[in-house]
Amino acid sequence: MMDANRKSRIRKRLTDWALTGLLFLAMCIICLPGLWIVLNSLRPTVEIMAKPPVWIPRELSFDAYVAMFSGVGQGGIPVVQYFRNSMIIAVTSTIISLAIGMSGGYAFARYRFRFKGGWFLGLMLTRAVPGIALSLPLFFLYARVGLIDTHAGMILAYTALNIPFTIWLIDGFFRQVPKDLAEAAQIDGCTRWQAFWQVEFPLARPGIASAGIFAFLISWNEFALASQLTRSTDSKTLPVGLLDYTAEFTIDWRGMCALAVVMIIPALLLTYAVQKHLVSGLTSGAIKG
Amino acid sequence: MKLMTSASAGALILAAATAGGASAQELPGSFEGVTIEAKLIGGQQYEALYNRLAEWEAATGATVDVISKKNHFELDKEIKSDIATGQLDWCVGSNHSSFAPQYPGIYVDLREYLPEEALADFVAGNMAAATLGDRLVMLPRAQFDVSAMYYQKDLYEDADNAAAFQEEYGYELAPPETWEQVADQAKFFADAPNFYGTQYAGKEEAIAGRFYEILVANGGEFLNEDGEPAFNSEAGIEALNWFVDLYEAEAVPAGVPNYLWDDLGQGFASGTVALNLDWPGWAGFFNDPEASKVAGNVGVAPPPVGSAGIRSGWSGFHGFSVTEDCAHPEAAASLVWFLTNEESQKLESAAGPLPSRNAVWDHVIAEAEGDAYRSEVLAAFQTAAETAFAVPQTPSWIEITNVLYPELQAAILGDKTPQEALDDAAEEATMVLEDAGEL
Amino acid sequence: MKAWRLPPHIVLLMPAVIVLAAVVLIPLVLSLYSSFTPFRLTRPDSIYQFIGFRNYERIFTDADFWIAFGRTVLLLTIALNLEMVLGLGLALLVERASRGQRLLRTILMFPMMFSPILVGFQFKFMFNDNVGLVNNALQSLGLTDQAIPWLIDGTLAFIAITIAEVWSSTSVFAIFILAGLMAMPREPIEAARVDGCTAWQTFKYVTWPFLMPFAFIAMTIRSLDVARAYDIIKIMTDGGPAGRTEVLWTLIARTAYSDARMGMANAMAYVAILLSIAFTALFFRQLGKARAQVAADW
């Protein structure tokens, strides 16, 4: 009996180690391309392109970052404006699409109406339209109403891009929140509105948080529409700015990597920060029927 | 040199003084309160010039509003969208000789707004390529592109190499004069996967353009007199065979069908390629020890000659145009002139790009005196520029290259014979031209 | 007397419908119309010339188009399935880690922070045959002395693109499935264990049915969003060489902008949209089934 116990304990420990090792390996694979970009932003092109390859960097410098913020002609690009545009557009469109997504998701999760499935599918399918098919007609429309190269135009486009997505996610999470909870609150004298904010919203918070992360990351990284709808530093976003490092014949690989790092850091910080809400939402409101 | 500058400045003053009537104006002129919207090509090598916008503003009292700054291909997309939606009331746009024929009628004839004297100093070949029909649609800036052959010098100085080469090919090893010699030497130097004889950009307009220039150098025509595709000729097969042959011999990297210009430049700078036909923009990069492993070991020769004794010289250049819908075409034309005048071209060419004005050519050559590498570069490119030619002036050029390059790739990769590939491409190109109403 | 009011669900759905109509539906109607014209960007007048179904007729007889179509379906099928399996594995691994959850989850989402266009540049470079990271590593480790033409050979290029796509999108599955795992009630698992189920049985009969809706949400969202792969492929190979990696989106984009033949491109785009709808409808049905299952079990 003792022996069997010990055997199974050893086996369990071995599996544990193996699985932890596997997890470590997987995380490395995920991180590798990112680390490689960081590394390349710090070393001269001659080393990036070296053959035979240089595995251990010989000289590291922040030249690319310094150059990025320098003036025109010294390798500078308007990174501050791009950053500002990206931030304004991504944050605003995320907030709006979360609000719209919450109202839409709630409607689908809590009300019965005719052709509900059809409506839902219809809304979702708007996302199926490839950006490349949408970009020109949208440009036509925007040109008519003067939304080209404006923050408002980009925000509107990204909101539309994210709504199907947020509705879906939030609907899914509202569905997991038992109906009787809100009903109980209403019996206790809450209005439907109060019941929503006090009972259902906190429970659906993880869903809203992850919908928010998704919406933000999509808006932050989108390229196809942005390249068509933005034109100058008034609204150009960071992904479009990446192309500033490509010319007709050349790519400044180091500069591009540096801008990529600048692009990734805020997304990383935000994701890390929102994790907390995701976690607390999940642990505080264990979802039970 | 000083004499020359002041001489041409004098000519300009003279021009301004003697010019009269509606067709000419004083340059840069005075346009108090006018705002000129401009779409400019962005990117490191182009932007130093834009610092001069403020000078023009100060001289004329006008304001320049840069409403778009993108790389070349994105700008092309944007201008096409503008044409489609009729949004052409911005005034000044960056243009390129290879793309200009695609924008029919949206740009004014600059001769109507600028005195003849102001246009006199430009290199004749550039002006010819900037003229569509009888309209001068753009003024070239100092961003003239034609290729020259970069090579690793020490390979040619090595006595063992020379003897072995002489033995194998029966002539002396020296930087290549002809396309055939390029092929011989590339195969001789190649040692895949560590070292390659040469390389070529294997997709999109890049390979179509290279094919076009070898075709012309071999005495072939891309489009015949009636405007029909004629590249599936014997000269065309010979040209395509050059690519196929090198690929099969592994004298070029196996990845070339997916290479574009940046891959070539980085490849040569990595020191793993012997010969590299490439653009003037790389000259400084290749010889910069910070960026390139072959720095100090770079030789430059004029582009090779084909079997018909014609020197290759596919060329193109950037310039500026003024839209038909522009509300202040005089002011816009003044800006275009200013950005391409002698001072502007000197500023741009100081960083390496080739000028498109005779006086500036003289200036950069004089400046390079004492710098052996720079002199060698300029001599090679000047030889190239003398016989350079632009792409066929059809609005469908880019579209034809899009049907041509997959066929060229198919032949290179052995999916089709060169004859089949070119016949198929010619058939598709005919369809393109028919659809466009050009045939 | 009670004032007449719109039913609440209509009020709640109104903003979504308005925004989507403005940004998606109206442009789609425009492009549907233009797919019946020989519209060329550089000749705006051509939009008023009606040519009926000629663009569609051409597409249906164009072998290149159908090859690209088939390749797109294949890419979607392989990539989505791989992403789901890997995503599930990752989620399970991360969930059982006792420490560093926050860090792990952030790393898990790391690839989502890369703009697809950046993923394209990065993998194009890594798979470069001459100076790329992959070949350099293989050669340094002595696994090969060849320069493997990753982006040239049709199959290898397909694999390279799939790797890039899987790398960038597995996170979506992982994070959804992880969210499902964390939302999952503990009791059924405890109960299963008490009943003497093996780990595999517990997973198969308890955990997985509960996770199914999450996996299918991820699947559907990915299939909706999969045209994002366009940015990656565009940079890595742009459909080449010799059309060996051509997918619908690269074909559409080239026809639309480089060739400026927008009418034709829009016709192609409609076929691509139908494909997306088919995929989405399929997953949607399965999602419905999975949901019903969960509703019945819990």
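Me: How far apart are the end C-alpha atoms of residues 106–127 of chain C, and how much of the span is helix or strand?

Reply: In this predicted model, the end C-alpha atoms of residues 106–127 of chain C lie 26 Å apart, and the span is 64% helix and 0% strand. UniProt, in an unreviewed entry, lists these residues under "transmembrane region", along with others including residues 156–184 of chain C. Over residues 156–184 the chain is 97% helix and 0% strand, with end C-alpha atoms 40 Å apart.

Me: Why is the pair C:Arg96 and A:Asp16 called a salt bridge?

Reply: The closest N and O atoms of C:Arg96 and A:Asp16 are 2.6 Å apart, and the rule asks for a side-chain nitrogen of Lys or Arg within 4 Å of a carboxyl oxygen of Asp or Glu, so the pair qualifies. Across the interface of chain A and chain C the rule finds 1 salt bridge, while 7 residue pairs are found in polar contact.

Me: What makes up the side of chain A that touches chain C, by class?

Reply: That side has 72 nonpolar, 14 polar and 7 charged residues, and helix α7 (residues 151–176) of chain A gives the most to it, with 15 residues.

Me: How much area do chain A and chain C bury between them, and what share of it is on carbon and sulfur atoms?

Reply: The two chains bury about 8,200 Å² between them, 81% of it on carbon and sulfur atoms. Of the area that chain A buries against chain C, A:Ile30, A:Ile132 and A:Trp168 supply 9%, more than any other three residues.

Key: Residues numbered from 1 in each chain as written. Chains lettered and ligands numbered in written order. Predicted model: local features only at pLDDT ≥ 70, side-chain atom pairs only at ≥ 80, totals over all residues. Heavy atoms only, no water. Buried area = accessible area lost by both parts, 1.4 Å probe. Polar contact = N/O pair within 3.5 Å; in protein donor to acceptor, adjacent residues only side chain to side chain. Helix = DSSP H or I, 4+ residues; strand = E, 2+ residues; numbered from the N terminus. Nonpolar A, V, L, I, M, F, W, Y, C, P; charged D, E, K, R; others polar. UniProt positions renumbered as here; feature names shortened; annotations may be inferred.
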